[in-house]
Structure formats: C-alpha cells, structure tokens
Amino acid sequence: METIPMIAVRRTYLPKPGTGGKLATLVKQACDAMQSAGFNKPTVYKAWHGSHGALQTEQLWDSISDYERSRVTVRKTPEITSLFDQIYPLLAKTHNTEIFEISD
C-alpha cells in the first residue's frame, strides 16, 4: 500500500538583484542532489508575481520526524551542502521555510 505524504516543506528563496538566473540553476541542482541522496525530489516553483525572481521549493515528507531526521543527513552530504554554500551568497535574505500538514 502506498504511503500518503503527511507534510509539505516549502522554502522561498529571494535572490539579490541580478542573481536570479544563477540562483534558479543552483536550486534545481540542489533538488537533483536531494533526489540522488535518496530523498523525495523537491518541486521548484518560479514566482509570477510578488518579489522579482523569487523561487519556492516544495518537498513532501511522510512525517515531521522523517523531515527532522533528514536534516542531519543533508548536513553531512557534501553534494548538497556545496550547492547551498553557493546559493546563500545569492540571497537577498535567508530563505523562508514553512511546513504544512497535508489534509484532504
């Protein structure tokens, strides 16, 4: 029986002016690296209104505890952390994280 994800983790990234294209490329690479590390691949959304160049990712998880445990693994995975080392300097401010419980 297929497990239905219980939470969605959404992160919003706002680039410094002139860095949106590079940010988009690196965020997509980070999503691919998450999938290669065995996690659900985040979906990337590009903003059509609001802050110029904003990106949002959404990653589904079976539980909040699964998500919390993943943070330890992510921080120990150079293929992921090396991309975030390149992402952070491009941001106008730190990314915003929101966690939503999925309900039908």
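Mentor: Helices are DSSP runs of H or I with at least four residues and strands are runs of E with at least two, numbered from the N terminus; by that reading the protein chain has three helices and four strands, in the order β-α-β-β-α-α-β. This is a predicted model, in which local features need pLDDT of at least 70 and side-chain atom pairs pLDDT 80 or more, while totals for chains, interfaces and linings use all residues. Residues are numbered from 1 along each chain as its sequence is written, and side-chain values use heavy atoms, leaving out hydrogens and water.

Trainee: What makes a set of residues a nonpolar core?

Mentor: Its members are buried Ala, Val, Leu, Ile, Met, Phe, Trp, Tyr and Cys residues joined through side-chain atoms within 4.5 Å, where buried means under 20% relative accessible area with a 1.4 Å probe, protein chains only. The largest such core has 22 residues, with Y13, L23, V27 and I87 having the most contacts inside it, and helix 1 gives the most, eight residues.

Trainee: Which residues does I87 touch, beyond those up to four places away in sequence?

Mentor: Taking contact as heavy atoms within 4.5 Å, I87 touches Y13, L23, L26, V27 and A30.

Conventions. Buried means under 20% relative accessible area, exposed over 50%, partly exposed in between (1.4 Å probe, protein chains only).
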